[in-house]
Amino acid sequence: MNIQLNKIFEKSTDLYLVSQRFLAAKAFAGGKLGGGISKKGGAQQVKKVELPVESDAKKLATFCCGLNILKTGGEEVAIKPDSEYPEWLWSLSSDKGPSIEEMDPDTMEYWARKRRIAIRHQNKLMRNQFPEPFIPKKIKNLRLA
């Protein structure tokens with residue numbers, strides 16, 4: 001009995017996977033333009049949220065602006081005097097650390113920093129080597145949203 005149940009279960013999971021693949025293939029097939037983009041409806045572009053920027057100098061000096069996470073209501077958080085904050089806060093380092101020349105080449109930190117610098121340099125070269133792709137005006141001017 002156990003063997004029969006296992007066979008039925010295996011078939012049902014295979015059927016589920018096939019149906020999921022079929023639905024995914026249909027979703028990405030797209031319209032006339034391919035890649036899920038069609039003239040009617042098409043891909044929806046996400047609208048960028050504009051956050052208000054505080055420009056009042058007095059308010060910036062006395063409050064932590066932008067700390068309120070509530071959509072409506074809530075109050076601005078006032079900056080307290082230095083004695084209200086813990087001592088360890090003032091001992092935190094805000095610099096970038098030692099330069100690559102000052103580091104010891106026998107440490108993992110040195111090689112991690114070296115790798116990160118090399119990747120950034122390679123990415124910069126790739127941006128210069130491959131500029132923005134050419135998109136014909138006919139496709140660029142389509143209103144997709």
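# A guided tour of the predicted chain

Begin by selecting Lys 59 and Glu 54, which form a salt bridge whose closest N and O atoms are 3.7 Å apart. The term denotes a side-chain nitrogen of Lys or Arg within 4 Å of a carboxyl oxygen of Asp or Glu. A search of the whole structure finds 1 salt bridge. Lys 59 is partly exposed, with a relative accessible area of 26%, and Glu 54, at 31%, is likewise partly exposed. Here buried means under 20% relative accessible area, exposed means over 50%, and partly exposed lies in between (1.4 Å probe, protein chains only).

This is a predicted model, in which local features need pLDDT of at least 70 and side-chain atom pairs count only at pLDDT 80 or more, while totals for chains, interfaces and linings use all residues. Residues are numbered from 1 along each chain as its sequence is written, and side-chain values use heavy atoms, with hydrogens and water left out.

**The whole chain**

Next, display the chain as a cartoon. Its secondary structure comes to 4 helices and 2 strands, in the order α-α-β-β-α-α from the N terminus. Helices (H or I, at least four residues) and strands (E, at least two) are DSSP runs, numbered from the N terminus. Of the 145 residues, 3% count as buried. The chain exposes about 14,400 Å², and carbon and sulfur atoms supply 60% of that area. Accessible areas come from the Shrake-Rupley method with a 1.4 Å probe; for residues, only the protein chains shown count as cover. Among contacts with a separation of 6 or more, 19% join residues 24 or more positions apart, contact meaning heavy atoms within 4.5 Å.

**The loop between β2 and α3**

Select Tyr 85, which is placed in the loop between β2 and α3. Setting aside residues up to four places away in sequence, Tyr 85 touches Ile 79, Lys 80 and Trp 90.

Now select Trp 88, in the loop between β2 (77–78) and α3 (108–129). Trp 88 counts as exposed at 54% relative accessibility.

**Aromatic pairs**

Rings of Phe, Tyr and Trp (its six-membered ring) pair if their centres lie within 6.5 Å; planes under 30 degrees apart count as stacked, over 60 as edge-to-face and the rest as tilted. By this rule the count comes to 2 aromatic pairs. Select Tyr 85 and Trp 90: their ring centres are 6.2 Å apart and their planes stand at 85 degrees, so the pair is edge-to-face. Tyr 85 is partly exposed at 26% relative accessibility, and Trp 90 is partly exposed at 46%.

Then select Tyr 110 and Trp 111, whose ring centres are 4.9 Å apart with planes at 90 degrees, so this pair is also edge-to-face. Tyr 110 counts as buried at 11% relative accessibility, whereas Trp 111 is partly exposed at 48%.

**Arg 113**

Finish at Arg 113, in helix α3. Arg 113 is buried yet has no salt bridge; the nearest side chain of opposite charge, Glu 101, is 7.9 Å away. Leaving aside neighbours within four places in sequence, Arg 113 is in contact with Lys 96, Pro 98, Ser 99, Ile 100 and Met 103.

How values were computed. Lys and Arg count as positive and Asp and Glu as negative; His and the chain ends are not counted.
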